[in-house]
Amino acid sequence: MSIGPQAPLREASATRGAFIEVLLGLRMRSRRSSEERAQLLGATLSLSSSFELVGFDADDTLWHSEIHFQQAHAEFERIVGQYVDLADAGLHQRMLDTERRNIRLFGYGAKGMCLSMIETAIALTQERISAADIHRLLDLVKGILTHPVELLPGVRAAVEAAAEIAPLVLITKGDLFHQEAKIRQSGLAELFPRIEIVSEKDAQTYARVLAECQVAPARFAMVGNSLRSDIEPVLALGGAGVHVPYAVTWALEAEHAVDPAHPRLRSVQRTADVPDALRELAAH
Ligand SMILES: [Mg+2]
């Protein structure tokens, strides 16, 4: 895609200043001193753009995630394949159906996936799966939960550059403990004045976050790898989106109805191109 010129700077309004003070003071999870907060406020006001808030997704946008889930799925198939013919059993579809059914009970993340794996394995093997193999499934998920965080290339510089365009909010869904641990390990927490770990990323959730931040949807841009969770609901509200696809996508995240030609959407192949895409969207 082509990247246009930087958005013209505009004067910060009193409302915008008040918002940023609220944003910086409200639910601060980073350990900024009051002096650091003042510096950030000043820097943000001096570099104001038409966005008043930029959101970042976390899994597969800032760091690797889905690849670990897919590796666990491959091992899950190997274990269940000891009991049944995988093609005949339709393992992939059965697991997907179980996960879809269970999300409203277990939520997103590795622990919910583990319970769905166990449920699917018990059903497909007609209760023949051994306790030793169920133990292996548990170990698979513990492996995901304890895997070191691996940032995607260019993430820190891109997030730092985005923070000069507008205050940032991290909006991620999944298991609370796991997400908190990854944010802590990532070393990126101090770049996000506000962090939201939510159970679902739909229009209602984004509307709540924006209302709490006193930001109109038109002044919000979301950056993420999932068209379904990061882009579609934000465009529906009137916001903007920067899509950065990841190498692999979970089947349930692949279900969306985003128009790739939407005027408030930009797609970039590299995280390093996110700040330019944000500036180009802001200019329009
Ligand atoms: Mg993601």
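## Helix pair α5 and α6

Helix α5 (residues 91-106) and helix α6 (residues 110-124) have axes that come within 9 Å and cross at roughly 130°. That makes α5 oblique to α6, a class left over once angles under 35 degrees (roughly parallel), over 145 (roughly antiparallel) and 65 to 115 (roughly perpendicular) are taken out. Axes are lines fitted to C-alpha atoms over the stretch in contact, with angles from 0 to 180 degrees between N-to-C directions. The crossing of α5 and α6 is right-handed: the near helix is turned clockwise from the far one by less than a right angle.

From α5, the contact includes L91, R94, M95 and F106; from α6, it includes K111, M113, E119 and L124. Contact means C-beta atoms, placed from the backbone, within 7 Å. The residues of this contact divide into eight nonpolar, five polar and four charged.

## Model and numbering

This is a predicted model; local features need pLDDT of at least 70, side-chain atom pairs count only at pLDDT 80 or more, and totals for chains, interfaces and linings use all residues. Residues are numbered from 1 along each chain as its sequence is written.

## Cores

The largest nonpolar core has 44 residues. Such a core joins buried Ala, Val, Leu, Ile, Met, Phe, Trp, Tyr and Cys residues through C-beta atoms within 7 Å. V54, A221 and L278 have the most contacts inside this core. Apart from it lies another core, of 15 residues, including A110 and M113.

## Whole chain

The protein has twelve helices and six strands, taken as DSSP runs (H or I, at least four residues; E, at least two). Of its 284 residues, 38% count as buried, with 20 or more other C-beta atoms within 10 Å of their own.

Methods
Two residues are in contact if their C-beta atoms, placed from the backbone, lie within 7 Å. Ala, Val, Leu, Ile, Met, Phe, Trp, Tyr, Cys and Pro count as nonpolar, Asp, Glu, Lys and Arg as charged, and the others, Gly among them, as polar. A residue is buried if 20 or more other C-beta atoms lie within 10 Å of its own, exposed if 12 or fewer, and partly exposed in between; C-beta atoms are placed from the backbone.
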